[in-house]
Amino acid sequence: MPVPFSHDYDRRQERERVTEEVRRKASLLDVAREASPKLRRSGREWRGPCPIHQGDGANFAVNPSTGLWHCHSCGAGGDVFEFVMRWRGVGFAEARAFLAARAGLLVDGEPAWRSSAPPPTPGRRPPAAPE
């Protein structure tokens, strides 16, 4: 039975550690307010137009205490990673790098978002993975 290489295990653990650190430091509310400047406080939530499908009205809600968002029009929702993935049209790794850069964190020992690479276009989904 093959034994997994320890460096693969270490790399996976480091990615998970960075992901959790990004999750702790990334403010869903700050990112959502950048995407939808019309968000307004409504009780414990912030509400406004959905930046993902450019909806009208207060159909989009962010709950900073739980770190979750939900669009009442299209039913989409999730955490800060899912929000960035849908809003910027990127995959998980790119969303993590985007959030890590905002938080000033390093990913794999390098700055998270390379300044030479243009940021993804908001609203564009990455191509589906081949089956």
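What follows is a set of questions on how the terms apply here.

Tutor: This is a predicted model, in which local features need pLDDT of at least 70 and side-chain atom pairs count only at pLDDT 80 or more, while totals for chains, interfaces and linings use all residues. Residues are numbered from 1 along each chain as its sequence is written, and side-chain values use heavy atoms, with hydrogens and water left out.

Student: What makes S1 and strand S2 (residues 45-48) a pair?

Tutor: Strands are DSSP runs of E with at least two residues, numbered from the N terminus, and two of them pair if DSSP finds at least two bridges between them. S1 and S2 have 3 bridges in the antiparallel sense, so they meet that definition; arginine 41, for example, has tryptophan 46 in S2 as its bridge partner.

Student: Why are strand S1 (40-42) and strand S5 (77-78) said to stand at the edges?

Tutor: The open sheet has 5 strands in the order S1-S2-S3-S4-S5, with antiparallel pairing. S1 and S5 each have a single partner strand, so one side of each is left without a neighbour in the sheet.

Student: What does helix H2 (residues 28-35) touch on the sheet?

Tutor: Helix H2 packs on the sheet and touches S2, strand S3 (60-63) and strand S4 (68-71), where contact means heavy atoms within 4.5 Å.

Student: Which element has the highest mean pLDDT, and which the lowest?

Tutor: On this scale of the predictor's confidence in each residue, from 0 to 100, S3 has the highest mean (95) and strand S7 (residues 110-111) the lowest (56).

How values were computed: Helix = DSSP H or I, 4+ residues; strand = E, 2+ residues; numbered from the N terminus. Axes fitted to C-alpha atoms, helices over the stretch in contact; angles between N-to-C directions.
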